[in-house]
Amino acid sequence: DVVRVKPGFARNYLLPHAFAEAPTPEKIEALKDQRAAAQAELAKLLLKRAQAPTATRRDVLAAFEALEAAVRKSPDSDDLREKLGSFLLRIGNATNAKQHFAAIREGRLRGPQQGEEDAAQADRPAELSDEAIELRYAQACAGSGNYDEASQVASKLIGFDIGTKAFDPAWEPLPNCIDAYVLVAELLERSFKDPDSAARVMRRL
């Protein structure tokens, strides 16, 4: 922590006994980074507890609050945003989940800022791949009632033209996109009242 003390107390007691260090901009910045890392680790631990079969409402609330605090401290962390967004989806808060997946998408569209490095797609864990984020965003759109946007995003993951209701014959299936087929089929049947196209999508799966 950074605290204010009387100059004499710092000079005659804290500093000589190595109970404190004189603050510098570099040390303060490093302390912020350490706090953010600690907050992220706490959030992940609480999330694991909240996902356990024996989790209580208190566990769920604690995980939610910790994840929100971690994202506030590290707003550019795709990992934390994905965890918070997925957690919100799981507890039925699709509207707020959509905001977090949208932030990840927008960040990737902008590309790395000065002094940042963009993680190569191949180096990202499966849950942070572009396809996974697009699918999560589509699921959040559907869960919040944005069916048109959900269908547009999800259909691109399976090479399906939502306007013509036809598959691109040259489309190469993407990995880990089974849920995209299911989502598109559900939207076609329930929201667009087109069971025939929904069945065609499921047969393609």
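The legends below describe close-up views of a predicted model.

**View 1. Helix α8, from residue 178 to residue 191.** The end C-alpha atoms of α8 lie 20 Å apart, which agrees with the 20 Å that its 14 residues should span at 1.5 Å a residue. Beyond the helix comes Lys193, whose phi is positive, near 50°.

**View 2. The buried residues of α8 and what covers them.** Within α8, the buried residues are Ala180, Tyr181, Leu183, Val184, Ala185, Leu187 and Leu188. The elements that cover these residues include the helices α6 (130-143), α7 (147-156) and α9 (195-204), together with the strands β1 (160-161) and β2 (166-167).

**View 3. The largest nonpolar core.** This core has 44 residues, and those with the most contacts inside it are Phe101, Ile158, Phe160, Leu183, Val184, Leu188 and Val201. At least two of its residues are supplied by each of α2 (25-50), α3 (57-73), α4 (78-90), α5 (94-110), α6, α7, α8 and α9.

**View 4. The surroundings of Leu188.** When neighbours within four places in sequence are left aside, Leu188 is in contact with Phe160, Ile162, Lys165, Lys193, Asp194, Ser197, Ala198 and Val201. Two of these partners, Phe160 and Val201, are also listed with Leu188 among the core residues that have the most contacts.

**View 5. Cys141 and Cys177.** The count of disulfides in the model comes to zero. Cys141 is in no disulfide, and the nearest cysteine sulfur, that of Cys177, is 16 Å away, which is too far for a bond. Cys141 counts as buried because its relative accessibility is 0%, and Cys177 is likewise buried, with a relative accessible area of 2%.

Definitions and conventions
Residues numbered from 1 in each chain as written. Predicted model: local features only at pLDDT ≥ 70, side-chain atom pairs only at ≥ 80, totals over all residues. Heavy atoms only, no water. Helix = DSSP H or I, 4+ residues; strand = E, 2+ residues; numbered from the N terminus. Expected span 1.5 Å × (residues − 1). Buried < 20%, exposed > 50% of the residue type's maximum accessible area, 1.4 Å probe, protein only. Contact = heavy atoms within 4.5 Å. Core = buried A, V, L, I, M, F, W, Y, C linked by side-chain atoms within 4.5 Å. Disulfide = S-S within 2.5 Å.
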